[in-house]
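Let's take a walk through this structure together.

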Amino acid sequence: SRSYAVELTGQVEAVNLVPELAQLAQRPRGADLLTVVDALSRFANRAPAAAGALTVLSKRADAVGEAARKALSPI
């Protein structure tokens with residue numbers, strides 16, 4: 001259910017929830033990190049906290065890191 005909430009946050013572009021998304025990027029608490037990356041990528045150009053969380057995630061050597069790097073590439 002947490003991943004669904006993250007997905008909805010991105011879909012409705014609730015920029016005021018970016019700090020919570022950034023916290024989930026550090027400690028997912030059951031949220032799928034790829035879903036978190038997708039939601040953060042919607043805010044990366046508008047919210048420094050989103051870009052910062054993506055930068056941290058981009059250092060991972062897995063699919064999450066790859067997705068975060070891809071999300072940051074157009075910035």
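**A walk from helix to loop and back**

Start at Thr35, which sits in helix H3, residues 33–43; helices here are DSSP runs of H or I with at least four residues, numbered from the N terminus. Before going on, bear in mind that this is a predicted model, where local features need pLDDT of at least 70 and side-chain atom pairs count only at pLDDT 80 or more, while totals for chains, interfaces and linings use all residues. Residues are numbered from 1 along each chain as its sequence is written, and side-chain values use heavy atoms, with hydrogens and water left out.

Is Thr35 buried or exposed? Thr35 counts as buried because its relative accessibility is 19%, and buried means under 20% relative accessible area, with exposed being over 50% and partly exposed in between (1.4 Å probe, protein chains only). Setting aside residues up to four places away in sequence, Thr35 touches Ser3, Val6 and Glu7, where a contact means heavy atoms within 4.5 Å.

Next, how do H3 and H4 meet? Their axes come within 8 Å and cross at roughly 140°; the axes are lines fitted to C-alpha atoms, for helices over the stretch in contact, and the angles run from 0 to 180 degrees between N-to-C directions. That makes H3 oblique to H4, since angles under 35 degrees count as roughly parallel, over 145 as roughly antiparallel, 65 to 115 as roughly perpendicular and the rest as oblique. On the H3 side, the contact is made by Leu33, Val37, Leu40, Ser41 and Phe43, and on the H4 side by Ala50, Ala53, Leu54 and Leu57.

Let's pick out Ala50. This residue belongs to helix H4, residues 48–57, and Ala50 is buried, with a relative accessible area of 0%. Leaving out neighbours within four places in sequence, Ala50 is in contact with Val18, Leu40, Phe43 and Ala44. Ala50 and Pro19 are 31 residues apart in sequence, and their C-alpha atoms are 7.7 Å apart in space.

Now for the loops. Glu13 lies in the one between helix H1 (2–11) and helix H2 (18–26). Glu13 isn't a glycine, yet its phi is positive, near 55°. With 39% relative accessibility, Glu13 counts as partly exposed. Arg29 lies in the loop between H2 and H3, and Arg29 also has a positive phi, about 45°, although it is not a glycine. At 41% relative accessibility, Arg29 counts as partly exposed.

Notes:
Helix = DSSP H or I, 4+ residues; strand = E, 2+ residues; numbered from the N terminus.
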